[in-house]
Amino acid sequence: MTGAATVLIGGERLPVEATLPVHDPSTGEPFATIARGGPGEVDAAVQAARAAFDRDWRHRTARDRARLLRALAERLRADAEQLAALETRDTGKPLGQARTDVEVAAQLLDFSADTVQALHGEVIPATVPDVTVMAQREPHGVTAHITPWNYPLPMVARTAGPALATGNCCVVKPAEDASLTTLRLAEIALEVGFPPGALNVVPGLGGEAGAALAAHPNIDHLSFTGSVRTGKLVARAAAENAVPVALELGGKSPNLVFADADLERAVPAIVSSILAHAGQTCSAGSRLLVERAVYDRVVDEVRERFAAVRIGPGADDADLGPLINARQRDSVAAAVAAAAGDARVVTGGRVPAGLERGYFYEPTLLDRVTPDAPIAQEEVFGPVLVALPFDDAREAIAVANGTAYGLVTGVWTRDLDRALWLAREAQSGTVYVNLFGGGPEMPFGGVRQSGHGREKGFEALRAFTRVKTVAVRAAGQEG
């Protein structure tokens with residue numbers, strides 16, 4: 001096996017005696033090792049971040065920080081092939097999707113760089129004569145980032161990018177299933193001129209390194225992306241230290257397709273929204289709600305597209321790669337098996353023949369599903385789509401809102417009045433009309449069990465600052 005079992009703290013790669021194997025999801029074989037960081041490494045990383053914040057990073061101008069973020073983005077683009085190959089090996093996703101992830105990460109860094117100089121405070125009209133009141137935006141200090149395994153590079157860029165842009169120093173705990181490109185990104189940051197300690201990375205288990213980071217008394221802000229269950233534990237630990245938390249959790253996002261929709265545009269987007277990275281996406285369009293007049297047609301077109309999907313190792317750049325590990329594959333298979341007694345498996349529902357060594361699962365479409373069935377309520381986190389018919393917009397939005405989640409709602413219709421009504425009624429953080437997915441300028445996050453706080457856009461920059469009020473009374477002038 002290859003790979004160095006190190007953490008990156010204060011600009012140095014430091015060896016750690018305890019290690020974890022890294023498995024290729026396409027084969028199930030180990031190919032590298034990572035450090036199994038723990039409380040000691042986390043504490044050292046927080047101290048390094050604090051030192052870099054106090055002595056250097058907080059004093060730099062927004063223009064200087066933006067320059068380094070742009071340089072980091074350009075290096076990601078220059079090293080895109082190597083980074084994509086590493087991401088594919090680590091996560092199993094098709095190579096084309098990994099290349100897109102590298103570009104998305106670069107775009108997110110560019111957005112933070114381009115907009116941070118426009119982030120400003122306010123002068124507030126005072127109620128007291130001769131007093132000037134200013135609300136200034138300042139960095140929190142040391143920000144902690146616990147990131148998931150499904151989109152390692154974009155997620156680090158999405159959370160650490162705006163944190164660094166606004167003057168914070170970061171400690172990142174990447175998911176133990178996919179840490180390699182996060183470590184490489186931190187190395188590249190040093191190479192382009194970020195000061196040691198500005199960006200620190202401690203791989204390890206969630207229950208060890210992640211728990212230590214969430215509970216650390218010297219962090220000033222915590223960003224977590226992952227499951228609802230773990231998110232609640234993380235928030236509880238941070239609450240002990242009164243640390244603000246941004247949670248980006250799960251979803252059971254619906255696509256609402258009306259009879260007047262442009263199906264030639266809608267169906268490919270719906271398929272992509274559930275099959276990207278084998279459905280292992282918090283915003284995956286995992287519920288398909290279709291107006292009854294076109295229900296059979298849409299289900300049949302999705303079935304045909306699912307049946308035509310090429311499944312294979314990520315390095316082969318097939319349409320669909322494996323799930324991240326055996327545990328996730330078995331969880332997806334169990335959810336489908338539990339639903340199959342009541343629902344109809346239109347297509348899929350099996351481990352593909354010849355690919356048993358990896359963690360593959362066929363694109364799966366189920367219908368004859370009731371809205372309250374577990375498969376229609378619970379996040380599966382795999383290439384599994386459930387289809388449900390509806391008769392009118394009120395029924396559609398009631399079903400769409402009828403889960404514990406609230407991350408994304410997709411609406412497909414040519415009727416603008418209907419679309420705007422649905423956008424107002426949708427209980428989700430984002431509504432897409434006649435598309436599904438957005439760029440770095442669009443704030444992203446959920447409501448209810450999908451979490452709180454926003455990533456991307458100006459909202460991310462604001463989230464990584466705190467407001468200080470300064471009130472100044474003018475000195476009296478004689479004469």
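**Figure legends: whole chain and close-up views**

**View 1. The whole chain of the predicted model.** The chain is made up of 15 helices and 20 strands. Its C-alpha trace extends about 85 × 60 × 40 Å along the principal axes. The radius of gyration is 23 Å, which agrees with the value near 23 Å for a compact globule of 479 residues. Of the 479 residues, 56% are buried. Where contacts join residues at least 6 apart in sequence, 73% of them join residues at least 24 apart.

**View 2. The surface and charges of the chain.** The accessible surface amounts to about 19,400 Å², and carbon and sulfur atoms account for 51% of that area. The chain carries 47 positive and 58 negative charges. The mean position of the positive charges and that of the negative charges lie 2 Å apart.

**View 3. The largest nonpolar core, with 74 residues.** The residues with the most contacts inside this core are Leu-72, Leu-76, Phe-194, Leu-199, Leu-213, Ile-219 and Leu-222. Helix α4, residues 95-115, is the element that gives the most to the core, with eight residues.

**View 4. The surroundings of Phe-194.** Phe-194 is one of the residues with the most contacts inside the largest nonpolar core. Once neighbours within four places in sequence are left aside, the contacts of Phe-194 are Trp-57, Leu-68, Leu-69, Leu-72, Leu-164 and Ala-189. Among them, Leu-72 is also listed with the residues that have the most contacts inside the core.

**View 5. Asp-110 in helix α4.** Asp-110 has a relative accessible area of 17% and is therefore buried, the limit being under 20%. Beyond its neighbours within four places in sequence, Asp-110 is in contact with Arg-70, Ala-73 and Arg-77. Val-192 is 82 residues away from Asp-110 in sequence, and the two C-alpha atoms are 15 Å apart in space.

**View 6. Thr-147 in the loop between β7 and α5.** Strand β7 covers residues 142-146, and helix α5 covers residues 152-165. Thr-147 is buried, because its relative accessible area is 6%. Leaving aside neighbours within four places in sequence, Thr-147 is in contact with Met-155, Val-156 and Thr-159, among others. Its contacts also include Val-172, Lys-173, Pro-174, Ala-175 and Thr-225.

**View 7. Arg-448 in the loop between β18 and β19.** This loop runs between strand β18, residues 430-433, and strand β19, residues 451-452. The phi angle of Arg-448 is near 55°, a positive value in a residue other than glycine. With a relative accessible area of 37%, Arg-448 is partly exposed.

**View 8. Lys-456 in the loop between β19 and α15.** Helix α15 covers residues 457-463. Although Lys-456 is not a glycine, its phi is positive, at about 70°. Lys-456 is buried, with a relative accessible area of 11%, whereas Arg-448 is partly exposed.

Definitions and conventions:
Residues numbered from 1 in each chain as written. Predicted model: local features only at pLDDT ≥ 70, side-chain atom pairs only at ≥ 80, totals over all residues. Heavy atoms only, no water. Helix = DSSP H or I, 4+ residues; strand = E, 2+ residues; numbered from the N terminus. Rg over C-alpha atoms; globule rule 2.2 N^0.38 Å. Buried < 20%, exposed > 50% of the residue type's maximum accessible area, 1.4 Å probe, protein only. Contact = heavy atoms within 4.5 Å. Areas by Shrake-Rupley, 256 points an atom, 1.4 Å probe, with all protein chains shown as cover. Lys, Arg positive; Asp, Glu negative; His and termini not counted. Charge placed at Lys NZ, Arg CZ, Asp CG, Glu CD. Core = buried A, V, L, I, M, F, W, Y, C linked by side-chain atoms within 4.5 Å.
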